[in-house]
Amino acid sequence: MKPPVALLIYAPDDPHKASFYPFAVYSPEWQAIQHGLRQNIPVRFMDLPHTHILAEELHENEKEKGQYQEKQEDIHHDPIGHLARAAGYTDGERWWEHMVETRQENDTEIFAAILEGMTALRKELANEQNENLHEKRREAYMRKTLRETQKEDYKKIAVVCGAWHGPAFVNVPTVKSDNELLKGLPAIKTKSAWAPWSYSRISFWTGYGAGVYSPEWYHILWDQKKNLVTYWLTRAARLMRQEQLDVSSAHVIEAVRLSEALASLRGHPLPGLEEMDEAALAVMCFGEEASMRLIRKKLVVGDRMGVIPQDAPVVPLQQDLMKWQKTLRLPAKEDTREYDFDLRKPTDLSRSHLLHRLRLLEIPWGEQLTQKGRSAGTFHEYWQLQWKPEFVMDLIQAARWGNTVENAASARCIHTADHTDNLKEIATLLDNALLADLPEAVESLISSIQERTAKSGDVQQMMQAMIPLARVMRYGNVRQTDKSMLKGVIDGLAARIMINLPGACVSINDEAAEQMFELINGTHSAITLLQSEEQMQGWASVLNQLADLKNGHNLINGRSCRLLQEMGHFPLEEAARRMSLALSLANDSSQVAAWLEGFLRGSGLILIHDQRLWQVLDDWITGLRDDHFSEVLPLLRRTFSTFAVSERRYIGQQVKRNDSGAAKAVLFDSERLDYERAGRILPLLSQILDVEIET
């Protein structure tokens, strides 16, 4: 076991009720345990057991909890800080560093002085402390443990505790009063486990109340006290060189000299973190805070991650994950790392399966990245991994689903599907289960979709489910998944959508039409993706019905015409005819604008490439009365805002050339073409294209 690590104590019936006890290499408790193990000396925990602490939290009312938290923050949170501020220091760490860590004499007088200071502080704040029943119970239990140990005839007993609790062992109350405090304490069942931790999580900056501001600095101080200044500044120089920043040996030498000079001026025996920070900023970073932030992040806070052995007491789910991390060579690191998985390789495929399973358990160790220019059918997956120590808590909460990552992810998928009637949610789960290679879950999810499809008459839910299923069907072979079991589900879903969709589009309002617009687009993309000739023909027939639907919404009618034109079922002449009918001045202007939005939204290329459609639109707009134009202008602007920038620019130039309709575009007329002039460019065109052109 290599620190930083944390002891996790939790309630198995409610894993949210838990506490972490972190240990760094320089933690007094850790050093005491290590010394006891080396010298074969018994070591015991003496704080109030968590079986009572967690039970207290459950029974504590909100008012008492608020008072307790306020006092914790005000007094017990940082008692050394009170002494430091009284001595003129900015914070307790700098005071401790100068009075204890860099102290030349190896004596214990400083601890006697700290004990005296804590006694005075507790006496001054006695009224507030007496109200804190939780702290009084903790100290009563500590004294009870000490008394029981004294009965075992040990000659020497060392008590390792926080400075605040030191006076509790000097001015000892009676046994009776301590027993009264501990009488009738509530208790619940608890379990414990070890977890790898990190220095960033021990830091105050991440919200750990009992933390320190500079955990990595204290680690270096513990290991390199004799050569501290040179070691720290040399590592700072290496960090900067790794970031392609120029730092020479001369910079390090001058920084060492400056830090020693600053310590001497301030009357300190050795340079501390404050002196070295200022020296590095001035000499190595040339006063630039951006470079100094890197040094502070790595050498003051730090990113060390602890290690626990595989036989350490952990929940079975965590043990299974640790096994897979070792097998697949995916170390749990707190720094961000990017991976490119080639899904044709067994190891990379297994890595992908593991990360997708963890995401199903809501443990986001990996975030899948989208690479520009990569299609959905690529054999590569790009991931960004960053382990966070609190994932251990998530693993404990997920352990109720199973003892292995695969079983837990599968069980959670099945449970979620059993407790929802939302087809889209189940279809998305199916997509994720296939990515995670969970055959048991896949089989159950397919059955759930079939069952709900047979019962449901909600065509919108069926359309929502169709989109992820089509993606799985189309790209499943990239991940070596079996698509045959999906085909029947998708065919049945598509058939029910085609039967029910026209009726669902009758007499709908603007909001419902907008939702249906998006679903029709998604379903069209899904059916196009499947490349089934039978389904394409059936879908075209449905779109024909929607385009001619008398009581339908014009937004849907216009979109259906556009999709049919893109599929090749409507020639441009037919599209122009339908647009001309829809844009008749006899029609209501708002309804015309809705049809136009449905036909054009998303792409204006059809206007650029077909002059007839352009002319129909131009005639309609120029024929609008002023009041009608003001009414439809917001709808037109919304439609045209969905065009690409280049499309809008070209359309604007075309309008400018037409000079507000004075010059009308002329359709192609072969009789007016000058063939003699056109023939002159053919030789040059033939040379440019490297093809033979017959004249």
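Me: Is the crossing of helix 12 and helix 14 left-handed or right-handed?
Reply: The crossing of helix 12 and helix 14 is right-handed, meaning the near helix is turned clockwise from the far one by less than a right angle. This is a predicted model, where local features need pLDDT of at least 70, side-chain atom pairs count only at pLDDT 80 or more, and totals for chains, interfaces and linings use all residues. Residues are numbered from 1 along each chain as its sequence is written, and side-chain values use heavy atoms, with hydrogens and water left out.

Me: At what angle do the axes of helix 12 and helix 14 cross?
Reply: Roughly 40°, and the axes of helix 12 (residues 228-242) and helix 14 (residues 273-284) come within 11 Å. Helix 12 and helix 14 are therefore oblique to each other.

Me: Which residues in helix 12 meet helix 14?
Reply: L228, V229, W232, L233, A236, A237 and M240 in helix 12 do, and their partners in helix 14 are L273, M276, A280 and M284. By class, that contact of helix 12 with helix 14 has 11 nonpolar, no polar and no charged residues.

Me: Switching to helix 13. How do the axes of helix 13 and helix 14 cross?
Reply: At roughly 140°, with the axes of helix 13 (residues 249-265) and helix 14 coming within 8 Å. The crossing of helix 13 and helix 14 is right-handed.

Me: And what residues in helix 14 meet helix 13?
Reply: E275, M276, E278, A279, A282, V283 and M284 in helix 14; on helix 13 the list includes H251, E254 and L258. By class, the contact of helix 13 with helix 14 has nine nonpolar, two polar and three charged residues.

Me: What are the cut-offs behind those words?
Reply: Contact means heavy atoms within 4.5 Å. Angles under 35 degrees count as roughly parallel, over 145 as roughly antiparallel, 65 to 115 as roughly perpendicular and the rest as oblique.

Technical notes: Axes fitted to C-alpha atoms, helices over the stretch in contact; angles between N-to-C directions. Helix = DSSP H or I, 4+ residues; strand = E, 2+ residues; numbered from the N terminus. Nonpolar A, V, L, I, M, F, W, Y, C, P; charged D, E, K, R; others polar.
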